[in-house]
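Me: I would like to learn how to read a structure one feature at a time. Could we begin with pockets?

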Amino acid sequence: MREILQESSLARDIRQIYTAVSSNTAAHVIINDFIDLSLQIPVLGTSKINEKNSPEDNFKSPTTSSLMDIYAVTGYEYDNYPILCPYHTLLLLEDPEEVLKNMPLDASPTLVQLVQILTPTQSTRNIYVVSPTAKLEDMASLEADFKQHIPNLSLPILLSKLQHTQQYHQVYRIKELKNQYLEAITWLIRKDLVVQVHMYLILIQDNTSHQQPLSYENAEDVMTSSSNSGDKLKRTSHERAPKEVGDLFERLKPYMKGHNHIDEIIYREGISRRQLGLVLKYYRDKILIVYHY
């Protein structure tokens, strides 16, 4: 061990990091005499349920619970620490040019590259609605700021279109304005004026009748199913489902309790949107689709 520490700078860095995080202190290391890092594990307290509180007071949203399950951190207070999953991205609170301009000259090249390549609008099939906590009292100031970033769009009109649940790409119909609409949704998210809505699946019992809140055509569009337009009015029952689709349906049934949204299901099971779309196509009479933010 002594010889390794004498010969290897990596070994010395690993020892320093381990020693620091083990004692709940920050580790400051410079990798390859170039990449400057300060690392520390957040101090987390164990979660305690107040017996005097009602069940509603101790309720955690399905999304929070499922993310905690993914990373096996159940029992800790993670409310103040965001958890990033592979299907997440980062949204800069300022324009990339502003962030880069304010970064120090010796900033890590990796960080600079990250700022340059972040793309928060990669999926235009996301669903957004006006946030129930949006602060719209000073609309004049919001409109003025919005016009500085997106001069060719109207903020009130855009917000009115986002009052109803729909995929964001359905909001804009003029392809020439696509980039401006993408810039607009970035601005709206930064200002906490809209929230993303996720699709959840609930298995319907055979002896229960429900009215699905989402039509089959819309569900298929959300999942970008491979069916052509000629088959889209075609009502195919689950009894005609191919064996591989039936097997996948059985595999996904544990997720159909309204606790895991479709992006998480796709990530956890390593399947494609097309595969999930086929399950929704053949088993639409057994699956209730609901939206929640």
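Reply: This is a predicted model. The second largest pocket lies between domain 2 (89-118) and domain 3 (122-192), because both of them give residues to its lining.

Me: How is such a space found, and how much space lies in the second largest pocket?

Reply: In general, rolling a probe the size of a water molecule over the atoms shows where empty space is left. Here, the second largest pocket holds about 340 Å³ of space. It is lined by 17 residues, and those closest to its centre are Asp95, Pro96, Glu183, Thr186 and Arg190.

Me: Which helix gives the most to the lining of the second largest pocket?

Reply: That is H8, with 5 residues. Helix H4 (96-101) and helix H5 (109-117) also supply at least two residues each. By kind, the lining residues divide into 9 nonpolar, 4 polar and 4 charged.

Me: Where does Asn24 lie, and is it buried or exposed?

Reply: Asn24 sits in the loop between helix H2 (9-22) and strand E1 (27-31). It is exposed, its relative accessible area being 52%. Asn24, too, is not a glycine, yet its phi is positive, at about 60°.

Me: Now the strands. In which sense do E4 and strand E6 run, parallel or antiparallel?

Reply: To read a pairing, look at the direction of the two strands and at the bridges that join them. E4 and strand E6 (residues 287-292) run antiparallel and are joined by 6 bridges. In this pairing, Met199 stands opposite Tyr291 of E6.

Me: How many bridges join strand E3 to E4, and how many join E4 to strand E5?

Reply: Strand E3 (residues 127-130) is antiparallel to E4, with 4 bridges between them; Val130 has Val194 in E4 as its bridge partner. Strand E5 (residues 257-261) pairs with E4 over 2 bridges, again in the antiparallel sense. There, Tyr200 is bridged to His261 of E5.

Methods
Residues are numbered from 1 along each chain as its sequence is written. This is a predicted model: local features need pLDDT of at least 70, side-chain atom pairs count only at pLDDT 80 or more; totals for chains, interfaces and linings use all residues. Side-chain values use heavy atoms; hydrogens and water are left out. Buried means under 20% relative accessible area, exposed over 50%, partly exposed in between (1.4 Å probe, protein chains only). Two strands pair if DSSP finds at least two bridges between them. On a 1 Å grid over the protein atoms alone, a cavity is a set of points where a 1.4 Å probe fits but cannot get out, and a pocket is an open set with protein on both sides within 12 Å along at least five of seven lines; lining residues have an atom within 4 Å of a point. Grid points are joined across faces, edges and corners, and a volume is the space filled by probe spheres set on the points. Ala, Val, Leu, Ile, Met, Phe, Trp, Tyr, Cys and Pro count as nonpolar, Asp, Glu, Lys and Arg as charged, and the others, Gly among them, as polar. Domain bounds come from an automatic or database domain assignment.
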